[in-house]
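Have a look at it first, then read on.

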Amino acid sequence: MRNALAAWDFGRASRLIRLRGGLRQEDMAHLTGLSQAFLSMLEKGNRRLTNIDKIVEFLTGLGVPADLVALPLPHTAASAAQEQPVQFVGDADPSLPWTAARMVAALDTAVGGSGMDRRRFLTASGVALTAFVNAWDIAEAEPLHRAAAGSRLSHDLLDGLQRTTDNLRTMDASDGSGTLTSLGNRHLQFLQHLLEETSYDEATGRRLAAIISDTATQTGWFVFDSGDRDRPLSYLYAALRAAKASQDIRLGAGALSYIAIHGYSTGAPHHAVTAAQRARHKIRKLGTPALEAMLLTRQARGHAKLGERQAALAALGRAAELCAQGRSEYDPHWLYWVNEGEIHGQAGSCYLDLGDPRSAVASFTKAREALNPADHRTRGLFLSRAATAHIEQGDVEAGCATAHEVLDLAEKLQSARFDSHVTSMIQQLQPVAHSPYAQDVLERRAVVTATGSRT
């Protein structure tokens, strides 16, 4: 790779990265911004990459360390170059076998790995993430069974453990993540202990792996909702490995949906589109309309962040059609929250990202009418975006009325992610701070903030 980059042989560099990472040319196109057709010709030597801007985009998209090429890449600071981790270090290496031992190692990294292992794992580039998703799609998992001397794992215990995960999920929806990260971690540690210390046949082992996958995905979400933008990926990678061991494709698709949220929320919308599309491809024959509808909303959010209006609206339209079909018997139980209100709310978020506040307001109004009243955080998130849409549209009175509803919910929720949305909403009010409606909201927010800082 060093020789290829030194010779500016970007065709060879592309081929080496693609083959090492198990990537398709379509994946490379998403990462680099180049077309698949151009990449094909580049790798064959029929075309050359000579435009400096395109070269920088190509190298940056692939996460090439700045010290390997004499160009002004965005991450050329000396310290950044020195700290750049080796690609595919630790459990982020998609070429590692998808075994029970590797699943345990991934859980160790997520719940309590060393600082160095965690840093290397979490700073894996978009190439590593895409390669990992691809490996989940095509890798074979070993049979999961353990004839240990430990106590026999009972189905009654597994029933209770699944209920614990379900209860944590419900607590999160109603009150926010709060202290749920620590509870999720302890639950995962106990599940891992059962995996290593009890005896079970293959069917029971697969069910245990399914609960681990569900819990790791949910705990990764708790971490993300608490404001940590990096650490969730370690849980989601572990969830993918556990889903592979459980042989339940739907759980893997669920983990990928949260990887998609992470992508479009952290400035990597291409990852959101890739993760959602790959999950949809995997479940296409399962007859799970609610699951596919949810994945389509994640894909739409990625398209919207990229400014791809037509693709975003097409995905939203298909999501609405699938949601209207109703849940099937094959849709997973943990997807109970997907309904018409969720689809409208995600549509509103897409319109807001696309710079269309009028359509966003219309969608958020429909979402308000259809959402589950007990799902306070989702309601709060959508209402905060609705307030922003009203203000961008020029309707300060409606925006401020909605903002008061958001502040009502803020008093009940413990969610750093929701708090950041509230802060963003308040910032939108600054240009119209002279309005009495805005002054009421700003004064109320100031009082709440001051009270919170004293306590």
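Is helix α3 (residues 25-32) largely enclosed by the rest of the structure or largely exposed, and why? Of its 8 residues, 6 are buried, so α3 is largely enclosed by the rest of the structure. Buried here means under 20% relative accessible area, while exposed means over 50% and partly exposed is in between (1.4 Å probe, protein chains only). Helices (H or I, at least four residues) and strands (E, at least two) are DSSP runs, numbered from the N terminus. The buried residues of α3 are Gln25, Asp27, Met28, Ala29, Leu31 and Thr32. After α3 comes glycine 33, with a positive phi near 85°.

A quick word on where this comes from: the model is predicted, so local features need pLDDT of at least 70 and side-chain atom pairs count only at pLDDT 80 or more, though totals for chains, interfaces and linings use all residues. Residues are numbered from 1 along each chain as its sequence is written, and side-chain values use heavy atoms, with hydrogens and water left out.

Now for the rings. The whole structure holds 5 aromatic pairs. Rings of Phe, Tyr and Trp (its six-membered ring) pair if their centres lie within 6.5 Å; planes under 30 degrees apart count as stacked, over 60 as edge-to-face and the rest as tilted. Take phenylalanine 10 and phenylalanine 58: their ring centres are 5.8 Å apart and their planes sit at 65°, so this pair is edge-to-face. It links distant parts of the chain, with phenylalanine 10 in helix α2 (residues 10-21) and phenylalanine 58 in helix α5 (residues 52-61), 48 residues apart. Phenylalanine 10 is buried at 2% relative accessible area, and phenylalanine 58 is buried at 0%.
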